[in-house]
Amino acid sequence: MSLQKYIAELLGTFLLTFAVIASLANNFPLATPLVAGLTLGLVVYTMGGVSGAHINPAVTVGLWSIKKISTKDAVVYIISHMIGATLAMLLARHLFSFTSTLVAADTMPVFLAEAIGAFILVVGVTSIVLKKDAAPYSGVVIGGSLLLGAAIAGRVSNGVLNPAVAWGIGSFSLVYVLGPLVGALVAAQLVKWLMRTR
């Protein structure tokens, strides 16, 4: 089952990255945060039962911090995410002649925006992971959390919230890695604490 999990994470990250690139490259009729949220929701429903559908290194680190994934699986998940994003980038360059024009500025406002956006996403993810019988609405909650987090963060940053996707779309820098990681860690720990006190 381990190989299937890793391939599911690779494929899910590929699909998310490719969908985001398509929305950026071709005057897509839907806003990029909506495309990302819909894609994530689809991946959660189709692959969540295989791997948990993290498809984001920040989500994996957040869930690892609350012991919902082993260290070994977390490391291989993150490697799978980066490979999936790289494959999406390479295909997009060939198919769309995509060259990123995004600016990945390393500033405190961008860091905070990415951290807050990832916090919103991982609040949704962790609440689903820690609840029983959450599968029927998991894609809606998680996809909606990404949509909201990316839309809010996008007022200041590129609204990526995902280091792997940031790599794939050419918005990769220190703050696009650290911001989502910090936001995810805080969110996972907070939701775990809140649900423990119920």
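Which residue just after helix 4 takes a positive phi? That would be Ser97, with a phi of about 55°. The legends below pick this up again, along with some helix packing and a few loops.

A word on the model first: it is predicted, so local features need pLDDT of at least 70 and side-chain atom pairs count only at pLDDT 80 or more, while totals for chains, interfaces and linings use all residues. Numbering runs from 1 along each chain as its sequence is written, and side-chain values use heavy atoms, with hydrogens and water left out.

**View 1. Helix 4, from its length to its end.** Helices here are DSSP runs (H or I, at least four residues), numbered from the N terminus. Helix 4 has 26 residues, which at 1.5 Å a residue should span 38 Å, and its end C-alpha atoms agree at 37 Å apart. The expected span is 1.5 Å times one less than the number of residues. Several residues of helix 4 are buried, among them Asp73, Tyr77, His81 and Met89. Buried means under 20% relative accessible area, exposed over 50% and partly exposed in between, with a 1.4 Å probe and protein chains only. What do the buried residues of helix 4 pack against? Their partners are helix 1, helix 2, helix 3 and helix 7. Just past the helix sits Ser97 with its positive phi.

**View 2. Helix 1 against helix 4.** The two axes come within 7 Å and cross at roughly 35°. Axes are lines fitted to C-alpha atoms, for helices over the stretch in contact, and angles run from 0 to 180 degrees between N-to-C directions. The residues of the contact between helix 1 and helix 4 split into 18 nonpolar, five polar and four charged. In that count, Ala, Val, Leu, Ile, Met, Phe, Trp, Tyr, Cys and Pro are nonpolar, Asp, Glu, Lys and Arg are charged, and the others, Gly among them, are polar. Helix 1 also passes the length check: its 24 residues should span 34 Å at 1.5 Å a residue, and its end C-alpha atoms are 34 Å apart. Asn27 follows helix 1 and has a positive phi, near 50°.

**View 3. Helix 3 against helix 8.** Helix 3 (residues 57-65) packs on helix 8 (residues 174-196) at an angle of about 35°, with axes 8 Å apart. The crossing of this pair is right-handed. On the helix 3 side, the residues that meet helix 8 are Pro57, Ala58, Val61, Gly62 and Ser65; their partners in helix 8 include Pro180, Leu181 and Ala184. Contact means heavy atoms within 4.5 Å. Eight residues of the helix 3 and helix 8 contact are nonpolar, three are polar and none is charged.

**View 4. The largest nonpolar core.** A nonpolar core is a set of buried Ala, Val, Leu, Ile, Met, Phe, Trp, Tyr and Cys residues joined through side-chain atoms within 4.5 Å. How many residues does the largest one have? It has 46, and Leu40, Leu121, Val122 and Ile142 have the most contacts inside it. Helices 1 through 8 each supply at least two residues of this core. Leaving aside neighbours within four places in sequence, Val122 touches Val59, Ala184, Ala187 and Ala188.

View 5. Most residues other than glycine have a negative phi. Lys67 is in the loop between helix 3 and helix 4, and its phi is positive, near 65°. Lys67 counts as exposed because its relative accessibility is 72%. Leu161, in the loop between helix 6 and helix 7, also has a positive phi, about 65°. Is Leu161 buried or exposed? Leu161 is buried, at 0% relative accessibility. Asn162 is found in the loop between helix 6 and helix 7 and is buried at 3%. Beyond neighbours within four places in sequence, the contacts of Asn162 include Leu16, Glu114 and Pro180.

**View 6. Leu63 in helix 3.** Leu63 lies in helix 3 and is buried, with a relative accessible area of 3%. Leaving aside neighbours within four places in sequence, Leu63 is in contact with His54, Lys68, Ile69, Val125, Thr126 and Val129.

Technical notes:
A crossing is left-handed if the near helix is turned anticlockwise from the far one by less than a right angle, and right-handed if clockwise.
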